[in-house]
Amino acid sequence: MSLLAPGDTAPDFSLSATDGSEVTLSGLRGQRVLLYFYPRDDTPGCTIEACGFRDNLAEFTARGVSVYGINDDDVDSHQRFTAKYELNFPLLADPGHGVIEAYGAWVEKQVRGRSITCADRVSYLIGPDGEVEHVWPAVDPNDHADEIVALLDASA
């Protein structure tokens with residue numbers, strides 16, 4: 001499946017969060033939501049990206065944006081990752097990768113000479129109406145959080 005585009009209705013979902021709750025996109029209507037997809041918990045690039053969101057969460061909150069990370073790791077893995085790096089936003093578990101696929105982020109990659117299938121590093125800004133406002137199809141984990149904050153400021 002291909003990536004969603006600005007103006008598309010973001011697919012609804014219900015996923016388990018690190019705190020044990022169920023998060024639905026429809027339950028977040030009325031607010032802006034950043035969904036960032038990433039390959040694996042506690043790997044170098046994914047840790048840099050998650051810590052960037054952690055360190056900038058106040059910037060997102062001040063701009064009315066809630067942040068959620070999604071991959072196909074389970075809740076236990078997300079809880080360990082959250083505790084290790086003191087993440088201050090929910091990670092959502094999609095072990096069946098249905099949501100990842102619906103957002104066009106399920107890909108095959110070559111890692112150290114072997115083929116793996118995992119979530120790609122893709123982010124979506126979803127508007128209060130449930131429509132995609134912006135898509136980041138190629139993410140550099142080193143400055144992704146800052147890049148999003150800059151876009152939010154430019155469009156304010």
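The largest pocket is lined by Pro 39, Arg 40, Thr 43, Cys 46, Lys 109, Val 111, Arg 112, Arg 114, Ile 116, Cys 118 and Arg 121. A pocket here is an open set of points on a 1 Å grid over the protein atoms alone, where a 1.4 Å probe fits, with protein on both sides within 12 Å along at least five of seven lines; lining residues have an atom within 4 Å of a point. Its volume is about 260 Å³, taken as the space filled by probe spheres set on the points, with grid points joined across faces, edges and corners. Strand 6 (106-111) and strand 7 (114-119) each supply at least two lining residues, and strand 7 gives the largest share, three residues. Strands (E, at least two residues) and helices (H or I, at least four) are DSSP runs numbered from the N terminus. By class, the lining has five nonpolar, one polar and five charged residues; Ala, Val, Leu, Ile, Met, Phe, Trp, Tyr, Cys and Pro count as nonpolar, Asp, Glu, Lys and Arg as charged, and the others, Gly among them, as polar.

The model is predicted: local features need pLDDT of at least 70 and side-chain atom pairs count only at pLDDT 80 or more, whereas totals for chains, interfaces and linings use all residues. Residues are numbered from 1 along each chain as its sequence is written, and side-chain values use heavy atoms, with hydrogens and water left out.

The structure holds nine salt bridges, a salt bridge being a side-chain nitrogen of Lys or Arg within 4 Å of a carboxyl oxygen of Asp or Glu. Buried means under 20% relative accessible area, exposed over 50%, and partly exposed in between (1.4 Å probe, protein chains only).

| Arg 32, 19%, buried | Glu 133, 32%, partly exposed | 2.5 Å |

Arg 40 lies in the loop between strand 3 and helix 1 (44-55), and Asp 73 in the loop between strand 4 and helix 3 (75-85), so their bridge links parts 33 residues apart in sequence. Salt bridges with shared partners join Arg 40, Asp 72 and Asp 73 into one network. Arg 40 is also one of the residues lining the largest pocket.

The largest nonpolar core has 24 residues. Such a core is a set of buried Ala, Val, Leu, Ile, Met, Phe, Trp, Tyr and Cys residues joined through side-chain atoms within 4.5 Å. Phe 13, Leu 35, Phe 37, Leu 92, Tyr 103, Tyr 124 and Ile 126 have the most contacts inside it. At least two core residues come from each of strand 1 (14-17), strand 3 (32-37), strand 4 (65-71), helix 4 (98-102), strand 8 (122-126) and strand 9 (132-136). Beyond neighbours within four places in sequence, Tyr 124 has contacts (heavy atoms within 4.5 Å) that include Leu 3, Val 33, Leu 35, Tyr 103 and Trp 136. A second, separate core of 21 residues includes Cys 46, Phe 53, Phe 89 and Val 139.

Pro 141 lies in the loop between strand 9 and helix 5 (144-154) and is buried at 17% relative accessible area. Leaving aside neighbours within four places in sequence, Pro 141 is in contact with Gly 45, Ile 48, Glu 49 and Arg 121.
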